[in-house]
Amino acid sequence: MNYEESKAVITYTGEGWNANAKSLLEAVGADSFEWRRPLGRGPKHVRVEAALFAAAEAPSNRPMIHTFWSACTDVDTWRSSEKDRVERWIRSIAAGVEWLVVLAAPKVADKARTELKQSERCISSRDPALLRRVRQMLLTAISNEEQRLGQEVRKERERRNEQGWSFGEYLALQEQLAALLGTLKGAEDEALVQYDELDALFTQFVRNASLIGKVNFVLRNGKQQHLNFLSEPPPWLTSFSAPLKEWRGLGIDSNARFAIVNSDASLLQLRVYLFTRQLNLLLKMNQPQQSQKRISSQIAERCLPLLQICSNELRILEVDFPEGAASCWAVQVSLQVLHVCRKYPDQVHSLPAATLCDYACQKLFQLGELLGLMPGGQGPSSAQIDAALWLGAGLGPEPPFGGEQLKEALGSPAAFQNLYLELAELALGTFKHLGRSRSARQLGHQLANFHQLRGDPHLAAAYLSDALTAVEGWPTLEIHILSQLAECLTGEKLAMARARLAASLTLELEVRKQHWHQLLQILKTLDDDGCVMPLEEVFDLVSVTPISGHRQQANVKINSRLPEAVLVNPSLSVQTSLPQVSRKESNPRGRRLRGNFSACLSSEPIKIQPGLNEFILNAQGDLHTGHLSQLSLIMNDKMDFVSAEARLGIIEVKKGEATISVESGQLLARMPQKFQLRFTAGTDGIEEGTEVTIKAPRGLSLGDGGRQIVIELPKTEQGQDTVVTLEAIATPPSAKSTDIEYGLTLTSSLWEQAYPVSVNFTVPVAASVKLHTAMKTKFLQVVVSSTCRQRLMLSDPILELSLGTCTPLPISPKPLTLDPDRPLSYIWQLEIDGPIRAKFNVNLTKDEVNGAYNCEFELAECATMIFVNSKVAAASGAEVCRANAMCHLHLTVEASEAIGHSLMYELLADQSMWAVCGRTAGVLNLDQPSHNLVLEVMPLTSGFLPHPQVRLSKYIPANAGSTHPKLEPFGPGQVYNKSKSLQVHVLPAIQSS
Amino acid sequence: MSGCYYFYIVCHTDSPIFEMEFMPSAKEPKKEDHRHLIEFIANAALDLVDEHMWRTSNMYLKAVDKFNQWFVSAFVTASNIRFLVVHDNKNEDGIKNFFMEMYETYIKFSMNPFYKQNTPIKSIAFEKKAQFYGRKFLTS
C-alpha cells in the first residue's frame, strides 16, 4: 500500500479556487502541529500532508475535509445568491465530515459567520489562522479515521482463533492503519508499531504451531490441561508450509502483497514484506532531527533476529526448499541491510552490524562448502554449478537494496572468496574496535580455516594463535584449536605444538601417540639449534629438593604427561649471584629463554617414563652456594624443555670444620674416669691418621697421668662420626666445691684455631668432723656422705694428726658401702693437747675403679678445762621434789687446772618447766679449784624434767680498755657437763585441802 | 540431557580457574564432545558477560546468552571474577542462591594468603562446598 494513496484529502469547490488558493493549501504540510490524541496517549508534533482534489474527483475511503472557496467580495451578492449556494453545499456534505468555507473578503466572512452560525467553519482567505484551521480539521479527520480503523483491527484480532480468520486479510486491515499513520510526518513510529504487532502475531502463531503435539501441559496442581486451540494449526498457516520457489531479498513486490493477502505467499515472502516495510519506516524516521544512531543501528539489530527466526520457522513449518536456499536468502538480506547501513558510516561499525556480518560470514561459509566455491578445492563440479545457478535464480531479478554481490559470488569462486573476506574482515575489525575480543577471536578461528584452505598457513597460523590465547585454560577448546594450528605450522613451532598435543590429557591415548611419533619425525628435520619449549607444557615439576653438603645434589621429581618414555639429558642451573639487570638478547625462538647453565647440576641421560619420575642430579665441578633456578630436559639433542626461572631451592656448600661433642655420664673426681669425644667430620672429612693434641688444665690428668696426649683419628667421611675414648683423673684443689668444669684444648690440622671442649667432674663424697668428749677423753668422728648419688665402696680410712696420736675404734676391715642417703662415720680416740690438725684419707671403689678421697680438718684447742655438775634436790625438809614446791639446784664447778680469769654462770631453764626463784646468773672467781652453789628453782610441772642448763662463759671484767665487762664462750670440749641430760623426778604438787 | 549444570569460575585472563558439573543423579556421565560444546558456549558468553555487567549494579546477571537449549547465567564478583553456569532448564532462583553461596566460599578461599589470584583453585574443601551447594540449589 502506497502512502501517497493514504494521504488525507482536501476537496475544493467554488469559484474562489485558484492558483493562490492551491499554493496556500500546499503549505499545510510545511509546519508541524500538535496532535492531541485520545486514550491517554501523549501528544505528538506531526506534519500533515494532504492531497488536493476537486470535489468531484476526490477518492472515497480516505480521511477527508471539504472546502468551499467563494469568490464573492461584497455583502450584497452574498445575501442575494452566494449564501444559498453555500448552504446547499453544506447540506450536501455527509455527517461527521469536516468542512470549511473560505471567503474572499473579511467582511463577507464576518457576515457569513453570523448568518450561517458556524463561526469556526467560515474564514476569510486572508485570515492568517486559515492554515491552522485546515491542519486542525485534517488532524481531526485523521484521528477519527485512526480510531475507526483501530477498533476494526482490535475486533479482527480478537477473532484470530476463529474458523475462517485469515492472517492475510488481517494484515491488509492493519496495514491501512499503518499507512494512515505513515502519512503523518513524525508519527512513523506509530506506523512501525503496527508492523511490529503483525510481526509478533505471526511469530506467535508459528510458535504455537511448533507446540502442537505437546499440548498436554501438566499444570502445577498436577492436572492435565488440554489446550484446544492448539489442536491443529489454522488453515491459513499451512499455506506458508508450501515449498519455496523463490528466496528474494528485501524489496517491495506488489505481487507479494497480493499473495499475502490471499494467503498464497511463501513464508519468506511474508517475512521479507514485513521487514521491508519496517525498514522503509525506519529509514523514513531517519530524519536529521531524529537520532540517527538509534534508528540505523536498529536496522541491523532487527535484521539478525529476523534471520534467526526465519530459519527456525522454516524448520517448524517444515518448508521444503533446495539445499542452501535459506543460507542464500540470509546472506542476501544481510548484504542488503549492510548496504543500507553503509549510508551511515558510523553505523557500519556498530555491534549489530558486526554481528550481522559475522552471521552472514557463517552462512556464506556454508554456501561455499555446498557449492564448491571454497579455495583449495578443484572448483565447483557441474552439479554444484547447477545448484549455484538455481540458487542465484531464486534471488529474483534485481535486488533493490544492493546485494548484487551475492549473485556474482555464486557464479565465481574468486568473487565468492572476496566477498567472504570482505565480510569477515569488516566483522573482525568491528569486533576488535568494540572490544569484543572473544567474538573477534572466534571469527578469526573461522577465518583461519578459510586461509588454511586457501593455502596460506602463515595467515591461518596467525589467526589461530590469536584464537588460542582466547581459550587458554579451556582444555578442549585449546586442544581443538591447537590441533588445527599444528596443521599450519612448520619447524620448531610445529614441534612445540605436537609436544603439547602429545602431552594433552584431554585427547585419546592413541591420538597422543600419533602426535608423539610425528614429533619424533619433526625433530629429525630440525636444524642443530633445536627449539626451546616451556617445561610446564609437557611435564609437571613436582619438587626440587636440594641435598646440601660436600657433594651438591638435588632430588628432582617430575610428572611426565607424554604418552611414551623419553630419554633426556637433565640439567639444573644454579644461580650463584643475583641476576644482573642487563639488556637481554632478543630471543628468536619463543617466549621461554634458556638461562645461564654454566653452573649446573646434571647427570647421565635418564629415561623419563609417563607419570611420576624421580632422579638425582649431581654437581659437576666446583660450585658455590646458590639458588637452583631452571630445570632443562633436552630430548634428542634438539628439543629443550626449560622450566621458568624461579628459586627452586638453595644449594649450599658447607665449608664446615669437624665438630666435637663430649659424651659421658656423671664423671667422678679423684677416680680414673672414661669419657668419649665424638668427632663429626666436616665437609672435607677427616684424613687417616690425623693427629689431635689434647691439653688438659691443672687438676686434670689424662691417660697415663700427663696433662697432654696426642691421639690419631681414623679416616672419616663427611658427616660421619668418630668416637675417641679418653681416661682422666680430676683432682680438684679444694674439697668444698662439688662440681668442677675442666676446659680441654684440642689442636689439630682440622681446625685453624684451638678447639675448646669442656668436661664436668663431680666430687663423689664429702666429709665432716665432730668432736666428742668424755671427761678428759676426746673422740673424733668423721662423717662421710655421698654427693654424687651413686653407691661407692669405702675402705682403709686413715686419720693422720699433726700432733698427738689417735686410735681408731675398731670397725669391720671389709670395705663399707656408702649409699647416697646414708652417711658413714669413722671414730678415732684422740690423745692430744692443744689444737687439732688432721688429715683424713679414705679409698673409694666404684665399679672396680679405685680412687681416694682426702681432706683436712682443723679444730681449736679442745682439752677439757672445767667440769660442771648440777643436781636438783628438794628443799630442806622434803624428800622428793614436787611441782610448785621450791627446790635447790646444787651446782658444782671444778676447774682441772687454774684458770686465769673469772667465770660467769647462767641458769638457762625452760620457762615452761622451771621457774628460777633466786639468782639466775653470777660470777665465780676461780681462785679455788671448786665452787659449790645452791640456786633456787621451782619445777612448774610434774614428771621427769630435764635439768636446767648452766652455761659457763669466760668473764672479762671491765677495765681500762673497755667500759663494760665482756663474756667469751669456751671452745668445744673445754667445758664438760657431767649432768648433761640428767632428769629430775618431780611429783605432782600436794593438793591443799 | 535435561537438568545439567556446568559451573565455571573465570579469572581476569579469561581462563577457567575452577570447573564443576552437576548432573541429576540418575544421568549418565557426559561425553567428551558434549564437554567441548559446553566449553565453547561458556567461553563465547564472556563477551556478553562483560557487556552486561556494565548495565546493572547487580552482581547476578541472570541469563546472558542462549545457544540452542543451553542458557548461560553469570555472576560477576566485586573483583571482576566471573562465575558462569551453563544450564539447560530455567532455575533462576536456584542459580542465584548457588552463585551467592559460591561467592561467599570464593571470598573465603581467596583470602588465604597462600592462594595466588588467577591461578586454578585446587582445594578439596572448596570442591566439597561447591558440590554441596550444587546439590542443594541446582540438581535437587
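**Entry 1: two helices side by side**

I started with helix 5 (residues 167-182) and helix 6 (residues 188-210) of chain A, whose axes come within 7 Å and cross at roughly 165°. I kept in mind that this is a predicted model. Parallel or antiparallel? Angles over 145 degrees count as roughly antiparallel, so helix 5 and helix 6 of chain A are roughly antiparallel to each other. I also looked up the hand of the crossing of helix 5 and helix 6 of chain A, and it is left-handed.

Next I wanted to know which residues meet there. On the helix 5 side of chain A I noted, among them, Phe167(A), Tyr170(A), Leu171(A) and Leu181(A). On the helix 6 side of chain A the list includes Ala191(A), Tyr195(A), Leu198(A), Leu201(A) and Phe202(A). There are also Gln174(A) and Glu175(A) from helix 5, and Glu190(A), Gln194(A) and Glu197(A) from helix 6. Sorted by class, I get 11 nonpolar, 3 polar and 3 charged residues for this contact between helix 5 and helix 6 of chain A.

**Entry 2: aromatic rings**

I picked one, Trp165(A) with Trp236(A): the ring centres are 5.9 Å apart and the planes stand at 70°, so I wrote it down as edge-to-face. Where do the two sit in the chain? Trp165(A) is in the loop between helix 4 (130-158) and helix 5 of chain A, while Trp236(A) is in helix 7 (residues 235-238) of chain A. They are 71 residues apart, and the pair links distant parts of the chain.

**Entry 3: a sheet of three strands**

Then I moved on to strands. In chain A, 3 strands make an open sheet in the order 2-3-8, with antiparallel pairing. Its edges are strand 2 (33-35) and strand 8 (184-185) of chain A, each of which pairs on one side only. How many bridges join strand 2 to strand 3 of chain A? I found 3, with strand 3 covering residues 44-48. For Trp35(A), the bridge partner in strand 3 of chain A is Lys44(A).

**Entry 4: a sheet of four strands**

Further along chain A, 4 strands form another open, antiparallel sheet, in the order 25-23-27-28. Strand 25 (708-713) and strand 28 (755-762) of chain A are the edge strands. Ignoring direction, neighbouring strands of this sheet are turned by 30° against each other on average. I checked strand 23 (residues 690-695) against strand 25 of chain A, and they pair over 6 bridges in the antiparallel sense. Opposite Glu691(A) I found Glu712(A), in strand 25 of chain A.

How values were computed:
Residues numbered from 1 in each chain as written. Chains lettered and ligands numbered in written order. Predicted model: local features only at pLDDT ≥ 70, side-chain atom pairs only at ≥ 80, totals over all residues. Heavy atoms only, no water. Pairing = 2+ DSSP bridges. Axes fitted to C-alpha atoms, helices over the stretch in contact; angles between N-to-C directions. Parallel < 35°, antiparallel > 145°, perpendicular 65-115°, else oblique. Left-handed = near helix turned anticlockwise from the far one by under 90°. Contact = heavy atoms within 4.5 Å. Nonpolar A, V, L, I, M, F, W, Y, C, P; charged D, E, K, R; others polar. Phe/Tyr/Trp six-rings, centres within 6.5 Å; stacked < 30°, edge-to-face > 60°.
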